Number of protein chains: 2
Amino acid sequence: MKNVLCARCIRCGKTYEPTPGLTTCACGGILDIEYDYDFIKQSATKAFFASCQERTMWRYRAFLPIEPQTPLPPLRVGATPLYDVPRLAKAAGIARLWLKDDGLNPTASLKDRASALAVVKAREAGAHTVACSSTGNAASSLAGNAAAAGLPAVIFVPSRAPQGKVAQLLIFGATVISVEGSYEDTFRLSAQAIEEYGWYNRNAAVNPYLMEGKKTVAFEIAEALGWEMPDYVAVSVGDGCTIAGVYKGFYDLHAAGLIERIPRLLSVQAAGCWPIHRALRENAPLRPMEENTLADSIAVGVPRNPDKAMNAIRASHGVTVEVTDEEILAAMRLMGRTCGVFGEPAGVAGTAGVLKAAAQGLIESGASVVSIVTGNGLKDTANGIRAAGEPIRMPPDMRRLRQALQERGVAQ
Amino acid sequence: MKNVLCARCIRCGKTYEPTPGLTTCACGGILDIEYDYDFIKQSATKAFFASCQERTMWRYRAFLPIEPQTPLPPLRVGATPLYDVPRLAKAAGIARLWLKDDGLNPTASLKDRASALAVVKAREAGAHTVACSSTGNAASSLAGNAAAAGLPAVIFVPSRAPQGKVAQLLIFGATVISVEGSYEDTFRLSAQAIEEYGWYNRNAAVNPYLMEGKKTVAFEIAEALGWEMPDYVAVSVGDGCTIAGVYKGFYDLHAAGLIERIPRLLSVQAAGCWPIHRALRENAPLRPMEENTLADSIAVGVPRNPDKAMNAIRASHGVTVEVTDEEILAAMRLMGRTCGVFGEPAGVAGTAGVLKAAAQGLIESGASVVSIVTGNGLKDTANGIRAAGEPIRMPPDMRRLRQALQERGVAQ
């Protein structure tokens with residue numbers, strides 16, 4: 001990898017050779033991949049991107065820590081749409097708003113970007129199997145991307161995991177180990193097995209490469225906007241890996257001279273679970289917090305990647321805001337109604353944060369904002385139903401229909 | 001529309017001016033849009049497509065019945081991936097197989113192509129509202145595409161419609177009328193209201209333009225294959241509008257000189273509901289049939305577009321095959337496991353048909369086939385769960401894990 005210099009621990013600064021099987025530093029800190037931007041600049045030019053025919057995240061491989069000869073996995077990850085949404089901008093009271101709909105990835109979440117990179121690195125490591133411990137988007141994206149690449153996947157889930165989520169893993173042919181115990185028991189069994197069998201470890205806060213896949217969402221936003229940066233990029237935050245990846249993407253582009261400034265991050269956590277924001281405000285070490293939110297993908301009381309997330313928010317001069325479950329469901333309805341985009345609760349939380357931050361004056365009314373929709377609403381239809389409201393019930397009677405439509409101001 | 005000659009009734013041959021509000025012929029027959037291929041040929045060349053930057057279905061507007069100045073709707077419809085799937089081809093026992101994953105459209109089904117066109121024509125017709133009567137993919141795609149375009153939608157559903165499907169419509173802000181009565185009652189009330197209020201009618205078997213949107217899936221397949229046709233294109237069949245649209249797309253390309261032959265259609269119906277295939281085999285008029293299949297999107301006992309579907313199958317020298325629910329669920333698992341693609345039951349029925357047709361020698365082992373995945377599996381998680389199988393349950397015990405993995409031949 002001529003574009004990569006090293007992996008450096010963000011806690012103690014120790015550096016490592018960027019071997020495919022890297023995990024955490026000996027000190028326990030998370031590693032960060034460092035690049036040779038002078039080398040990258042030679043190929044990653046605006047002219048290159050203007051003529052590049054690759055319509056997936058691999059369009060940005062100049063910035064990715066993969067060997068040139070490694071085969072790319074088959075699913076079409078990335079190249080998700082960026083929608084200019086003037087009616088939603090108006091509702092938010094800001095000048096300009098775009099939605100980046102990452103729910104249109106192959107397994108319907110942004111996590112496909114990390115899992116696709118995991119599959120590439122697993123191949124480079126010569127691994128015969130990839131593994132992780134999760135029931136969420138990380139697991140389903142790993143199962144789908146591994147299946148497409150013909151790589152076996154082993155997924156550990158706690159036995160209380162909802163049947164629907166487990167079904168997606170099984171459809172993708174993963175070996176699913178349902179552990180009769182807590183999440184902690186499940187994680188520990190997976191760690192022991194990964195060690196013993198030499199499986200490739202797909203855990204975003206352990207494996208430093210995964211964040212490098214996630215950063216491609218920032219590249220796509222920048223390129224779609226003609227390399228002109230918005231004032232803010234809003235993203236919902238659980239573990240912290242996604243917002244750290246978004247920052248890294250803009251950092252890379254800035255270092256390579258493709259953009260002139262890094263947008264400010266608007267970090268959005270749930271009002272029922274905001275340990276990263278609390279640590280930032282108190283300027284104190286992170287303490288665990290209860291997980292009181294319906295947005296399961298960001299209900300993370302003990303984030304596994306707080307350091308990188310906090311660095312990203314600070315370095316971008318970011319803004320933090322928390323949203324209630326009601327605000328999340330309201331944003332889900334508003335996005336559906338004004339943009340035709342249906343996101344899962346964590347997927348719309350970023351936009352809920354934009355609405356709240358604008359209403360509270362945390363971001364200015366002249367601001368331009370990109371909000372990232374991290375997952376598809378079809379992943380969580382139960383909360384879709386909670387948000388949806390009720391249809392108009394009536395017998396098949398034209399008179400009753402006329403009356404109902406008139407009352408609601410429809411079809412005047 | 002300089003590219004359109006007229007609309008012609010496929011039953012009596014009567015022609016009509018292609019006004020935006022066209023429905024059926026006075027005789028009750030369905031209309032078909034006829035094009036001036038000499039005109040189209042001037043712009044729709046291979047060189048044009050090689051340099052065209054539009055990455056949506058509107059890339060093919062030379063072949064679409066829309067005015068040049070009508071604004072295009074916002075959602076990114078089309079440009080779905082075509083996956084080469086050698087392991088699934090091997091499992092099927094054929095030479096080459098591709099999956100066209102139309103479940104990655106914005107509302108997760110191929111129907112987005114028809115609904116996006118409906119939104120364009122509604123605007124041309126000066127309509128203030130679009131309407132249809134359905135609980136399925138037609139309704140959700142109309143609601144989503146209309147919402148994105150800022151066009152109100154009214155959807156009529158029978159009160160027995162599942163809450164999850166109604167939720168998607170409500171999230172997209174459609175006015176949903178839940179009719180206490182049969183589907184027939186619901187349809188009749190909607191027809192009366194559409195007539196009375198002058199709403200734009202989105203019913204694929206009434207409005208001749210919708211099929212023209214669906215045909216863009218054939219254009220994308222042809223272009224992705226470098227205009228070299230596969231031997232067969234497999235598609236599941238309910239109402240008949242989709243297979244008719246697929247045929248029309250290849251017919252257009254052939255007439256415009258972009259492809260040398262039209263692939264044979266592999267028409268797949270459910271073994272519990274196959275009225276179109278029965279009519280073809282008996283060479284007799286279509287008779288209603290019971291709807292005994294879990295694949296709800298093709299459980300259509302009284303298809304509304306059998307004439308165009310049967311014409312398409314005959315004209316392409318097509319092959320017909322029926323698949324059982326068990327074969328549908330098996331295809332769902334096999335596609336997930338070998339390709340990382342999760343389709344809804346009707347979405348995988350085409351592939352189930354490929355597997356069955358190959359096993360029965362209806363298609364030859366040297367055949368190349370494209371199978372269209374018409375809808376995303378996340379739309380019907382209940383059947384995903386039925387197909388999925390069971391995880392491996394155990395306490396958090398490494399010894400038990402070793403034993404379970406060894407029994408299953410995992411991680412050797």
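**Cavities, symmetry and backbone**

Reply: Fourteen residues, given as 14 in the count, line the largest cavity, and A:D101, A:F342, A:N376, B:P106 and B:T107 lie nearest its centre. This is a predicted model, in which local features need pLDDT of at least 70 and side-chain atom pairs count only at pLDDT 80 or more, while totals for chains, interfaces and linings use all residues. Residues are numbered from 1 along each chain as its sequence is written, chains are lettered from A and ligands numbered from 1 in the order in which they are written, and side-chain values use heavy atoms, without hydrogens and water.

Me: What makes a space a cavity?

Reply: On a 1 Å grid over the protein atoms alone, a cavity is a set of points where a 1.4 Å probe fits but cannot get out, and its lining residues have an atom within 4 Å of a point. The structure holds three cavities of 30 Å³ or more. The largest holds about 90 Å³, where a volume is the space filled by probe spheres set on the points, joined across faces, edges and corners.

Me: Which classes of residue make up the lining of the largest cavity?

Reply: Its lining has nine nonpolar, four polar and one charged residues. Ala, Val, Leu, Ile, Met, Phe, Trp, Tyr, Cys and Pro count as nonpolar, Asp, Glu, Lys and Arg as charged, and the others, Gly among them, as polar. The second largest cavity, of about 70 Å³, has six nonpolar, four polar and one charged residues in its lining; among them are A:P106, A:T107, B:D101, B:F342 and B:N376.

Me: Why is the relation of chain A to chain B that of a two-fold axis?

Reply: Chain A can be laid on chain B by a turn of 180° and a shift of 0.0 Å along the axis, with an RMSD of 0.0 Å. That is the relation of a two-fold axis. The superposition is by least squares on the C-alpha atoms of residues with pLDDT of at least 70 in both copies.

Me: Why is B:N283 called exposed?

Reply: Exposed means over 50% relative accessible area, buried under 20%, and partly exposed in between, with a 1.4 Å probe and protein chains only. B:N283 has 63% relative accessibility, and therefore counts as exposed. B:H317, at 58%, is exposed by that rule.

Me: What is the phi of B:N283?

Reply: B:N283 has a positive phi of about 50° although it is not a glycine. Most residues other than glycine have a negative phi. B:H317 also has a positive phi, of about 55°.

Key: On a 1 Å grid over the protein atoms alone, a cavity is a set of points where a 1.4 Å probe fits but cannot get out, and a pocket is an open set with protein on both sides within 12 Å along at least five of seven lines; lining residues have an atom within 4 Å of a point.
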